[in-house]
Number of protein chains: 2
Amino acid sequence: MTPHNPDLVHLLRGPALESFHRGALAIVDAGGAVWRSSGDIDRPVFPRSANKVLQALPLVASGAAEAFGLSDAELALACASHSGEPAHVATAAGVLAKAGLGAQALECGTHWPRDEAVLKALARSGHEASALHNNCSGKHAGFVCVGCLMARAAGREPGEFTRGYLRPDHPVMREVTAAVAATTGCDLARAPMGTDGCGIPTFGVPLRALALAFARVASGQGLSAGHARAALRLRQAVAASPFHVAGTGRFDTRVMQRLGERVFCKVGAEGVYCAALPEAGLGVAIKLDDGNTARAAEVVMAAVIARLVRLDDAERGFVQGLADVPQRNWAGTEVGRLQASPALQAALA
Amino acid sequence: MTPHNPDLVHLLRGPALESFHRGALAIVDAGGAVWRSSGDIDRPVFPRSANKVLQALPLVASGAAEAFGLSDAELALACASHSGEPAHVATAAGVLAKAGLGAQALECGTHWPRDEAVLKALARSGHEASALHNNCSGKHAGFVCVGCLMARAAGREPGEFTRGYLRPDHPVMREVTAAVAATTGCDLARAPMGTDGCGIPTFGVPLRALALAFARVASGQGLSAGHARAALRLRQAVAASPFHVAGTGRFDTRVMQRLGERVFCKVGAEGVYCAALPEAGLGVAIKLDDGNTARAAEVVMAAVIARLVRLDDAERGFVQGLADVPQRNWAGTEVGRLQASPALQAALA
């Protein structure tokens, strides 16, 4: 039930190993061949927010993105776990406005921004968080757009096709689930089903299949024509507007601001990380056993990017700095390092 | 280098195991006999803030607490990783004032409160965080009091014995380190040394030795008369003022508000947790491999308390609710459970 996965990330304090993170890693091509793997890549894992780009495919493939004239920033937000900064909130509201709706159409629930600086700024402004601040608000605004287009096609009121869109059997969610099934090649009717943080269903799929989906997103191979076109459009939108997929200082934003279309990477909760690497034609899926995303999964992803993406010397220094990170205490003193483990380095050699 | 410790805590989402936490656990009596253990209890771990009560022993044993007339709340704060709530900040300032000093005597650095509600309240107030908000400010105020008493005894200015108190070779820090060495029975000159988040040295000691120190704190056995008296005084102070050792809604505060002197438990960074259980005469030390304190180590500690502390039915329900915790998403829907694993339950049987 609990795999004995290798230690992928080490936290050193002074001379000693203080903590370490075990996990699994799959790097797969669009034919399903495993280029490298580490740990158990057949155990089902919930992709969480790492698969938002798969869930956003219907937004483009259905024609909704075109019908409502969504911009790069708005499409990037549909794939985002954003920080709830003012520009994210405004962009989410803008998507809904294009569909003729307001924030009350969102069913994702409300949470305050998790980034300390963003949270402080919002608190100081005297405002409260709304559903627009939810890190998933862009994805949900995209779902609402799909429902609005369905309503338009059926000659019905938008609400008839947007209300309750979280439900597994809602027409919008059926499209979203079908996109995840098609890209991963998994029969989701037989997969473990849970409820995600934002209320939609999430399905447990093997890391191997999740990596395959991202290899398909990277290359278009193995996708329907509509999904292949949508995947390319979404990758280009995120590369053009990487701020909107995460936020100030965040890993995904920093990496894609620097490396553009060479990497599409996306964080998920509970230590999941996925990437599409178009030049190599590979997909990457990572899951840390302990669910640590912010420090552990990022280091693994940085080590993968350093190994697999064409980089100049400055870019290599930048990426390696994300795979071997000085740790400082409150007074600013360096007290340790967070780094890719020897086992991870060996797996990528 | 990386032990294969058992999975102690499981996070379930819907029907599936989403994430899990491995770690080690030592439960030891004051003679050093291991009552129960799980995983590698001989690997050195940095106790981090979990050993603050050991580091506070000189504050009482030196006579400084008495000389400056410290209250229960002030002594509890000296053992605390507090939330930086207004009452914590005021109490830390009060300790320094009794020693005739101000916040500038603290060398722990500044950080904003980590609790979302506390952080929001501070941001809305328009104020900035200071060193008094640092979760370690009470411990450091205690160090400063020890230095002030040393200065008084030597007929010198306080600053001569307080400035630079973080340094391993400072007279105050030598007393603090000696207390950790005496209670754990470890030769710290041969232990791995790192720098803690608050700037003071931290020494890697086996979980077995850390649990022994807490068994000694629980019973007084194996301690010098001064340390035994100090340990009792500090346990009583925390039991009388559990808000000051952590804060609103925090595990340590809630547990000790409910169970009083039957438990002294203390959280540390990087998945470390310690407890003294006076009625059983046992000490407990926990380290999660992945450093996850907030969710994983708390569940382990709750399971230990449920097994080892005399509880009535209502108290048992309260503690078991901390060892099997419903997980809700942003909309408030229960999406999973965080719970003691079968391996942990078997280890405690």
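Predicted model: local features only at pLDDT ≥ 70, side-chain atom pairs only at ≥ 80, totals over all residues.

Reader: What is the area buried between chain A and chain B?

Author: Let's start with contact, meaning heavy atoms within 4.5 Å: 54 residues of chain A touch 54 residues of chain B. Buried area is the accessible area (1.4 Å probe) that two parts lose on being put together, summed over both. Carbon and sulfur atoms give 56% of it here, and the total is about 4,400 Å².

Reader: Which residues of chain A lose the most area to chain B?

Author: Three residues together make up 15% of what the chain A side buries. They are A:R13, A:F20 and A:W330.

Reader: How many salt bridges are found across the interface of chain A and chain B?

Author: A salt bridge here is a side-chain nitrogen of Lys or Arg within 4 Å of a carboxyl oxygen of Asp or Glu. The side chains of B:E270 and A:R295 meet in one, at 2.7 Å from N to O. Across the interface, the rule gives a count of 6.

Reader: Is B:E270 buried or exposed?

Author: Buried means under 20% relative accessible area, exposed over 50%, and partly exposed in between (1.4 Å probe, protein chains only). B:E270 has a relative accessible area of 12%, so it counts as buried.

Reader: What is the phi of B:E270?

Author: Most residues other than glycine have a negative phi. B:E270 is not a glycine, yet its phi is positive, at about 55°.

Reader: How are α5(A) and α7(A) oriented, roughly parallel or roughly antiparallel?

Author: Helices are DSSP runs (H or I, at least four residues), numbered from the N terminus. Residues 86-98 and 137-154 of chain A form α5 and α7, which pack at an angle of about 5° with their axes 9 Å apart. Angles under 35 degrees count as roughly parallel, over 145 as roughly antiparallel, 65 to 115 as roughly perpendicular and the rest as oblique. So α5(A) and α7(A) are roughly parallel.

Notes. Residues numbered from 1 in each chain as written. Chains lettered and ligands numbered in written order. Heavy atoms only, no water. Axes fitted to C-alpha atoms, helices over the stretch in contact; angles between N-to-C directions. Helix = DSSP H or I, 4+ residues; strand = E, 2+ residues; numbered from the N terminus.
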